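Subject: Structure handover and notes

Dear colleague,

I am passing this structure on to you, together with some notes on what was found in it. Please look through it first and then read on.

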Amino acid sequence: MVWLRAIRVRQAAEGDRRRRFGRALVLLMLPAVLAGCDGLWNNPYPDSEADANILYASFSERPKHLDPVQSYSSNEYQFIGQIYEPPLQYHYLKRPYELEPLTASKMPEVTYRDAEGETLPDDAPPAEIAHSVYEISIKPGIEYHPHPAFATDDAGEPRYRDLEREDLEGINVLGDFAHTGTRELTAGDYVYQLKRLAHPRVHSPIFGVMKEYIVGLEAYAETLQEAYREQAATQEEPFYFELEDYPLEGVQQIDRYTYRIKVKGKYPQLRYWLAMPFFAPMPHEAIEFYSQPGMKERNLSLDWYPVGTGAYYLTINDPNRKMVLERNPHFHEQYYPTEGEPGDREEGLLEDAGKQLPFIDRVVFSLEKENIPYWSKFLQGYYDSSGVISESFDQAVQFTSGGEARLTPEMREKGIELLTEAQASTIYIGFNMLDPLVGGDSRRARLLRRAISIAVDMEEYISIFLNGRGIAAQGPLPPGITGYKEGREGINPYVYEWRDGQAQRRSIDEAKALLAEAGYPNGIEKETGKPLLINFDITGGGPEDKARFDWLRKQLKKIDVQLIIRNTDYNRFQEKMRKGNAQLFMWGWNADYPDPENFMFLLHGPNSKAEHSGENAANYDNPEFNRLFDRMRNMQDSPKRAAIIEQMLAIARHDAPWIWGYHPKQFLLHHAWYKNVKPSLMAHNTLMYRRIDPELRQQHRQQWNQPVIWPVVLLAVILLLSLIPAIIAYRRRETASGRELN
Amino acid sequence: MFAYIIRRLFYAIPILIGVNLITFALFFVVNSPDDMARMHLGDKRVTQEAIEKWKTDRGYEKPLLYNSDTDGLNKFTETIFFTKSVRLFVFDFGSADDGRDIGYDIKQRMWPSLAIALPVFLVGLLINITFALLLAFFRATYIDVWGVVLCVVLMSISAMFYIIGGQYLIGKLMNLVPISGFDLVGIETVKFLVLPVLIGVVMGIGSGTRWYRTIFLEEIGRDYVRTARAKGLSELRVLFKHVLRNALIPILTGVVVVIPLLFLGSLLTESFFGIPGLGSYTIDAIQAQDFAIVRAMVFLGSVLYIIGLLLTDISYTVADPRIRLS
């Protein structure tokens, strides 16, 4: 029996050893898995990418549209701006913004014609111009990125045409198609895209604007609608709707590389639209490809897999996780600019002058919904650039006594650089000009609006709520837009005065005096003796919003006016705005293009929101302003135009339909290894100019991310030690009760 | 039991119709089809014409519940409610307002959710039960008192604090795991799961342990426990063999019903860790006023909950042979 016990003991010991080995293996495996090859346990990217020429960026919400005819928001433009190429682009370095050819061989030639079709001189009065014809020639030899829509078989026929649902078995993403191809860009692709503005199944946000200008576009939409209905009656969807069969009068292909756009009257702003993705080319093969049965069910659509000629193309589109842009192997010759604005050379922005673009091989956008993890990963070197989030503003930025923003020593030590730029946006508090109390053209209402404008201290707002990231507005035009003036001549004299070499907000006493003059001494309506109540309509309900509301109440309290916050949900708020039922409200506008027309139209009477469903949310309607706007919008930049803009600004400031608010300032941080970074508020194809130094990045990552293990060991020891009293107590209790221990 | 299951499945049909109707009513009380169109088309340069076009394309031009312009049954079938709801019953979720296939998205997103939720559930269950049994063993001693205090402390801390604190401590200061992110790259996926799972488990210890402790303390005073002790069994054996087995019915009541819901993920955890799961899918859809996703997810949640309840009933028969489903 002794030998049997001995075997059991040996077996138990072996079992014990095996168990211990298993436990040790598990413990060892985890760090090994975490560590990977480069020793960085917290690296969220594959180790194989450690030295790769990849830019790491993020996105916080999935883009709704990647179809250039529909897309109209900045989070979508960060992708499609790299993929689609309109004929023109903004110069990457020059400021003020300057247009230059992209796929166009030269800037468009514009011809003006009268009602009889006779050519007019360039300086012809706008009233005589019946049509403007833009002739655009594109460079030959530009090719699309690889795409299955262009794949052909040995006979040269499209390989993926007339597919049935069953042919798509096993295909879930575009990369599952075995074959791809390309073809040369032609002027017809631009014509095709412009026709898509009127496509019955496509919702282009600029159709409403363009139908006012492009000759025949409105009628064309009706024609297409009818034709589509007829085709839908005989054919089951999805089907390919051939736009080629329906000519559009205002857009014509002249030859393989030339097309013309004919617009009504004189519309100089069209050149800016020509730099936007709405005017990028679209190959009909792509539409045909995506129109096949079974494609939509697999999310294979133009909205998900764009087709363009840009420097990059989308290879992975998983908007729940990551989106990846790869360098377009067919990208045409494009070079880094050799000149910029003064100071660019000193900043190192011309070090790559004349080099072929793009520099970066791949751009990985990861989904990052929350700011805090994003910021932490930026500091670890896993993102190459970042904005400055409110939660970490003080950690990153400090202001000098002169009010200049600079990095904190911690950031400088890491080699991080800060770039700031005023955005081409205006955030304002509008008065509803249809409101009987604050609106209208009466002197009483105007003085009331001016008094409130003085009382609402936008400098304080910028300081408290934006950490100083903004510029108090003096009118609708933001910096960088023609008509914006700095210094004494640029101030709004009704709210500011020039003292001690700077603009000073007028005093609260002045505001109170204006209020009394308006018939509300000490905030009491003289006629009725009732206190003056102003309603502020807004949507939002977070803690920060509450602080804003309190601040706003406090501003009006300074002039003894009570502010009532009418906080509603987004839909009700929009409804109030549409019906013109709001009183005071906060609104904003981001520039489409760097022209004053794009801001002044926000105050143009025929563009009012309540009556015309336009973008003039304040429903401001001053006949003289309207008249000047109609003149100004058709003019090229000139001293004459500048004078008209000045007149318009004077009228608007006098009438005070807005509290002019502020222009946000962009703060951008980037690491030392990220080169050629210059914020551009207009250009969308900026990634091709950027460069990464992957070796430097890897060095910093290694330096910043070494794992710290001792706290884990310490915690384990503490846990084990804390078990000892429990074990002792257990043994004591079991022994005391005379029971077996096991 | 088979007849019971079939009967319960039939009961599910009116429940699902009711849930669908309530979801529909709640959604359209707050949002009109025009609001949905505006939300989708954006703030800039939206015309009424574009809104009408959007509604027509997606079938939102019809009346909500009753179509007085048609005859007979069409009065009810030619409505948004009918056209949008009936396909759900064959699990055809249709397309989201941005054109994405909802069924495809759900299939893609449920696995990352499950990858987090399942380990949290299993490890959490194991730790909570063990800890609760330990407290029950040391009942009325300083270990029990301090254990309960610890549980209350753990329960009092907000989920956000656990997440942000965990990311800061383990991801940023100690550099042990990625702060956020997710990638299905075989075994390396583990490095993305460690932190959210750890935080998920720790977050649940307080409430879980206290709940199980209460159950065990109730069981521990029963006669069979006294008998087991009288037979001379060790306390560990009494707790882990007899008490645990007899406490299974209340445990299963709380546990089995959540198993199918593990697919639906967690909003906070997934948002902060960048996990591409289903946790934020419904909330994002509500914010984007995407009714197609909202109704699909509510419907799916209801179905999974009904399955969970059914599984709970079945699990009773396994845990206690005296229970018969009829």
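This is a predicted model: local features need pLDDT of at least 70, side-chain atom pairs count only at pLDDT 80 or more; totals for chains, interfaces and linings use all residues.

Residues are numbered from 1 along each chain as its sequence is written, chains are lettered from A and ligands numbered from 1 in the order in which they are written, and side-chain values use heavy atoms, with hydrogens and water left out.

Between the chains, 73 residues of chain A and 67 residues of chain B take part in the contact, where contact means heavy atoms within 4.5 Å. Chain A and chain B bury about 6,200 Å² between them, with 49% of it on carbon and sulfur atoms; buried area is the accessible area (1.4 Å probe) that two parts lose on being put together, summed over both. Eight salt bridges are found across this interface, a salt bridge being a side-chain nitrogen of Lys or Arg within 4 Å of a carboxyl oxygen of Asp or Glu. In one salt bridge, the side chains of A:Arg201 and B:Asp57 meet at 3.3 Å, N to O.

Within chain B, the domain assignment, which is automatic or comes from a database, gives domain 1 (2–90) and domain 2 (108–319). Their contact takes 22 residues from domain 1 of chain B and 18 residues from domain 2 of chain B. The centres of the two domains, taken over C-alpha atoms, are separated by 35 Å. Domain 1 and domain 2 of chain B bury about 1,800 Å² between them, and 74% of that lies on carbon and sulfur atoms. The count between these two domains is one salt bridge, and B:Asp313 forms a salt bridge with B:Arg8, with the closest N and O atoms 2.4 Å apart.

Finally, A:Thr408 is buried, with a relative accessible area of 6%, where buried means under 20%, exposed over 50% and partly exposed in between (1.4 Å probe, protein chains only). Leaving aside neighbours within four places in sequence, A:Thr408 is in contact with A:Asp394, A:Gln395, A:Ala396, A:Val397 and A:Gln398.
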